Amino acid sequence: MRPPEVAVAVAAAVAVAALLAPWAAAAAAASVPLLPAALALQRAVPHKGVALEELRRRDWVRHRSSRRGLLGGVAGVVDFPVEGSANPFMVGLYFTHVKLGNPAKEFFVQIDTGSDILWVTCSPCTGCPTSSGLNIQLESFSPDTSSTSSRITCSDDRCTAALQTGEAVCQTSDSSSSPCGYTFTYGDGSGTSGYYVSDTMYFDTVMGNEQTANSSASIVFGCSNSQSGDLTKADRAVDGIFGFGQHQLSVISQLNSLGVSPRVFSHCLKGSDNGGGILVLGEIVEPGLVYTPLVPSQPHYNLYLESIAVNGQKLPIDSSLFTTSNTQGTIVDSGTTLAYLADGAYDPFVTAIAGAVSPSVRSLVSKGNQCFLTSSRGGVAMTVKPENYLLQQASVDNNVLWCIGWQRNQGQEITILGDLVLKDKIFVYDLANMRMGWADYDCSMPVNVTTSSGKNQYVNTGQYDVNGSTRRASYKSLIPAGIAAMVVHMLVFGGGVSRR
């Protein structure tokens, strides 16, 4: 039976809400009032194509270990371009480009908030792809041809710090002049190894005078000379990975310690097929942003997930499943395409969603995934944002097969909020105050970002919004009426929500 409220605009919405807790004020920024708020995540109309098992396999490749630390500092707003999209049937990842070395070369690197290190393919390299299905020209970095490059040795203090966190490798027999190496292994056995170098990175910085300056800084990054497993495949190959974690060797921390950028970064990833978006080392300050604390002393960006509710009813899930530990927790990771629920939370979630659809919709299980078979004719108009939990998998005659894109994290009690959740939202990673903020937003539109002068001016695509005014566009599409009967469900976070 269709609940009355699903006939209105909130039908089919997914809300991620953060609720108050007694200790919230200590975890959130001081002097900021605490208010209840919700992050609305609604379905989009996806496209047919890659099977869910293939998307899960791709995500597994990108789930890897990372360790982090924190540094301080304030400065301008560093701006990176964004390409790619979250559409798992087209690209399934977001990437940016960075310029390194002298003379400068441009490299395409995946945006990954689930790891720390920036690394690019170097020459020579064993197993590294030489072409890409993303229609980009792959490059390789050569330290010997850059006049500003130097190799990090095992005696370097930066290598010593990385050794302590497991992000560097130096054999006991190595001399102090031996290169500081690294090896990253991925979930399916694929991986990359190489050595660290120091060289110049070039980037655009938004200054307080409403102008963009060409800036540069010397940073440490990884030089990959070996790749294995899925990293060798050309279908979605890029030049490397740009880790946006908290460790002292992350670019965020390095630029912050140099006084180049603040201790906060933000992104707004477009959910349309064309993709793109906004990525800045600075704080987006659009109206409607709400914040919840980050779990401290964690290797990832962990949030305090307390419960899940569907249609206003809290699901029968043991809250201990959401406790943060070495084997549990809720992670925000832009390097993951889908979303994954803790194993013990998945069945109650799917059961509740299946019970909310119209009786006219046929529920079935396809290749282990809960799906819904609907007629492709007709539909209802509704505001649709690309944050979604349904993926269109197939079309047979006049019927369309929709499957839940939120996957079971088999055998693990870790919940991962990937690009399905992050797209078409502003997300602010405020490391200075150990909090994360979000708001609904059309990521093709201008945004305001704080600079070191305290002024708010910046928009994507190289244009400036001097008056700080922005406008929002809505996404309209047709969703089969039976599917539209799915009602609000929430991921409820503890720690409170603060407005800026």
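Q: Is Tyr-301 buried or exposed, judged by its relative accessibility?
A: This is a predicted model, in which local features need pLDDT of at least 70, side-chain atom pairs count only at pLDDT 80 or more, and totals for chains, interfaces and linings use all residues. Residues are numbered from 1 along each chain as its sequence is written, and side-chain values use heavy atoms, with hydrogens and water left out. Buried means under 20% relative accessible area, exposed over 50% and partly exposed in between, with a 1.4 Å probe and protein chains only. Because Tyr-301 has 0% relative accessibility, the residue counts as buried.

Q: How many aromatic pairs does a search of the whole structure find?
A: Rings of Phe, Tyr and Trp (its six-membered ring) pair if their centres lie within 6.5 Å; planes under 30 degrees apart count as stacked, over 60 as edge-to-face and the rest as tilted. Searching the whole structure gives a count of aromatic pairs of twelve.

Q: Which kind of pair do the rings of Tyr-182 and Tyr-196 form?
A: Both Tyr-182 and Tyr-196 are buried. Their ring centres are 5.1 Å apart and their planes stand at 50°, so the pair is tilted.

Q: Which kind of pair do the rings of Tyr-301 and Tyr-429 form?
A: Tyr-429, at 0% relative accessibility, counts as buried. The ring centres of Tyr-301 and Tyr-429 lie 5.0 Å apart with the planes at 65°, so the pair is edge-to-face.

Q: Which residues form one aromatic cluster?
A: Tyr-301 and Tyr-429 both belong to this cluster.
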